[in-house]
Amino acid sequence: MAIILRFVGRDGFIRERFFEIISVHDTNSSTLKTEICKVLGKHTLLVKNMHGQRYDGASNMRGQRNGLQALFLNDCPYAYYIHCFAHRLQLALNAATKELKLSRKAEIQGLLESGKLGKGKRANQIRCLQRPGTTR
């Protein structure tokens with residue numbers, strides 16, 4: 001889990017900083033809350049001073065009764081919840097990339113059928129990045 005803090009600096013401008021990345025054994029809301037509180041406590045940041053929280057749209061995050069946002073609202077009534085816009089952007093980019101890939105595949109198929117593109121061993125292969133191994 002990545003923790004990013006957004007705050008107002010001394011100059012009055014909003015700042016956003018990567019804070020810490022931690023490994024969690026499961027992603028249920030109570031575990032996540034415990035881990036976030038540990039990290040903040042380790043840096044002497046008080047959870048009760050939190051004024052906002054931002055997560056993706058998963059039910060364990062945004063659930064009204066048992067979600068992470070609800071658990072923090074019990075301790076910090078001013079910690080309003082906002083859906084993470086970066087997550088929305090990621091979802092949109094993933095959908096657009098999938099459509100582009102399908103479009104490119106259909107284009108290659110059309111060119112092959114019309115004879116404008118030749119066939120052969122290793123010809124017209126859709127390329128992708130090599131999957132990372134244990135050393136990458």
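Buried residues are those under 20% relative accessible area, against exposed ones over 50% and partly exposed ones in between (1.4 Å probe, protein chains only).

View 1. Of the 136 residues, 21% count as buried. The chain exposes about 11100 Å², of which carbon and sulfur atoms supply 55%; accessible areas come from the Shrake-Rupley method with a 1.4 Å probe, and for residues only the protein chains shown count as cover. Local features in this predicted model need pLDDT of at least 70 and side-chain atom pairs count only at pLDDT 80 or more, while totals for chains, interfaces and linings use all residues. Residues are numbered from 1 along each chain as its sequence is written, and side-chain values use heavy atoms, with hydrogens and water left out.

**View 2. The largest nonpolar core.** Such a core is a set of buried Ala, Val, Leu, Ile, Met, Phe, Trp, Tyr and Cys residues joined through side-chain atoms within 4.5 Å. Among its 13 residues, Ile3, Ile36, Val47, Met50, Leu68, Phe72 and Cys76 touch the most other members. Helices α1 (29–42) and α3 (68–75) each supply at least two residues, and α1 gives the largest share, four residues.
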